[in-house]
Amino acid sequence: MSEMTATDNKPKELIQVKNLVKYFPVRGGLLQRVKAWVQAVDDVSFFIREGETLGLVGESGCGKTTVGRTMLRLLEPTGGSVFFDGVDVASLRGRELKALRRDMQIIFQDPYASLDPRIPIGESIAEGLKIHKIGTPKERFETVIEMLRKVGLEDYHARRYPHEFSGGQRQRIGIARALALRPRFIVADEPVSALDVSIQAQVLNILKDLQKEFGLTYLFIAHNLSVVEHISDRVAVMYLGKMVEMAPRDELFRNPLHPYTQALMSAIPIPDPTIQRERIILEGDVPSPLNPPSGCRFHPRCPVAMEHCSQEEPPFKEVLPDHWVACWRVE
């Protein structure tokens with residue numbers, strides 16, 4: 001694919017993901033030999049500018065979470081590169097990698113599973129500060145209280161345990177823990193998918209306010225396009241381990257070019273019952289990442305597929321300013 005670069009009047013690219021690959025082995029038999037590979041992420045490239053939010057959307061199992069975790073080295077990449085502020089994340093070891101983790105944090109999808117039920121949440125929030133030997137115990141406690149206040153919780157909550165909080169409160173705790181180290185980049189892995197709609201809005205507003213205050217850069221992973229439209233500056237769409245489209249938010253929602261993106265957009269509910277939208281119904285099931293189809297991975301379900309689509313994989317290229325698509329029908 002062609003090189004992605006920011007123009008002079010735009011912020012610099014804090015994150016550059018180039019040809020990222022992550023395969024998982026499938027083992028079997030008495031000796032547990034590798035029998036096949038799950039192609040969770042296959043040759044994905046994109047960038048995130050400093051201070052912006054890139055929304056990453058797609059169906060369940062398309063590789064969104066794997067992309068986020070591989071970028072942070074929570075999973076080791078099978079191939080490709082991730083650059084953070086010009087530094088190759090995959091090349092770091094030991095102290096250098098530990099130092100980088102201060103700048104790159106994650107908010108997990110399940111806030112309860114990501115919190116230790118045996119310790120008060122104040123200690124969970126301070127854990128990163130302890131690991132990186134930041135401040136005295138008193139200073140760490142002050143940071144914990146500050147972070148709790150930032151996310152709308154009270155000082156006394158620091159002494160409570162995870163089971164004493166609601167789902168929305170636990171997600172706020174997860175945000176506070178990610179913020180404690182004052183990172184520059186946060187992967188938000190479906191942070192509101194398990195919350196009520198009213199609580200979703202509160203958490204999204206907290207994330208936007210914190211982004212303004214601390215100059216944060218987000219990769220916001222979600223499958224709800226309405227949520228992504230609310231918080232994102234640009235949106236990237238994945239299908240079966242591949243990036244199929246990426247564009248500024250307003251441009252993508254106004255002018256989706258890839259047939260898969262068009263199908264996703266047609267499923268967004270419209271609050272006005274007098275407005276009718278033509279729904280694009282995709283036939284068949286999502287193919288298995290164990291044995292993805294040849295050519296364009298979307299072609300078995302694509303309503304406008306050509307013969308060429310099944311033979312050769314389309315390149316992910318810039319067809320309009322800052323609008324990238326992988327489709328043979330888009331010129």
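Colleague: Two strands pair if DSSP finds at least two bridges between them. With that in hand, which residue of β8 is the bridge partner of isoleucine 186?

Modeller: Tyrosine 218. Keep in mind that this is a predicted model.

Colleague: How many bridges join β7 and β8, and in what sense do they pair?

Modeller: There are five bridges, and the pairing is parallel.

Colleague: Which other strand pairs with β8?

Modeller: Strand β3, residues 53–57. That pairing is parallel too, over four bridges. Within it, glycine 55 has phenylalanine 220 of β8 as its bridge partner.

Colleague: Is β8 mostly buried or exposed?

Modeller: Buried. Strand β8 covers residues 217–221, and five of the five are buried, so the rest of the structure largely encloses it.

Colleague: Which way do the β8 residues point?

Modeller: Thr217, Leu219 and Ile221 point one way. Tyr218 and Phe220 point the other way.

Colleague: What do β7, α6 and β8 make together?

Modeller: A β-α-β unit, and a right-handed one.

Colleague: Helices next. How far does α5 reach?

Modeller: Helix α5 runs over residues 167–179, which is 13 residues. From first C-alpha to last it reaches 19 Å. That is close to the 18 Å expected at 1.5 Å a residue.

Colleague: How many of its residues are buried?

Modeller: In α5, 11 of the 13 are buried, so the helix is largely enclosed by the rest of the structure. Among them are Gly168, Arg170, Gln171 and Leu179.

Colleague: New topic. Where does methionine 265 lie?

Modeller: In helix α9, residues 259–266.

Colleague: Why does methionine 265 count as buried?

Modeller: Because its relative accessibility is 8%, and buried means under 20%.

Colleague: What separates methionine 265 from phenylalanine 253?

Modeller: Along the chain, 12 residues. Between their C-alpha atoms, 7.2 Å.

Colleague: Last one, cavities. How many of 30 Å³ or more are there?

Modeller: Two. The largest cavity holds about 70 Å³ of space.

Colleague: Which residues lie nearest the centre of the largest cavity?

Modeller: Cys296, Cys302, Cys309, Cys327 and Trp328. They belong to a lining of 13 residues.

Definitions and conventions: Residues numbered from 1 in each chain as written. Predicted model: local features only at pLDDT ≥ 70, side-chain atom pairs only at ≥ 80, totals over all residues. Heavy atoms only, no water. Helix = DSSP H or I, 4+ residues; strand = E, 2+ residues; numbered from the N terminus. Buried < 20%, exposed > 50% of the residue type's maximum accessible area, 1.4 Å probe, protein only. Expected span 1.5 Å × (residues − 1). Right-handed = clockwise from strand over helix to strand, strands pointing away. 1 Å grid on protein atoms, 1.4 Å probe; cavity = no way out; pocket = protein on both sides within 12 Å on 5 of 7 lines; lining within 4 Å. Points joined across faces, edges and corners; volume = space filled by probe spheres on them.
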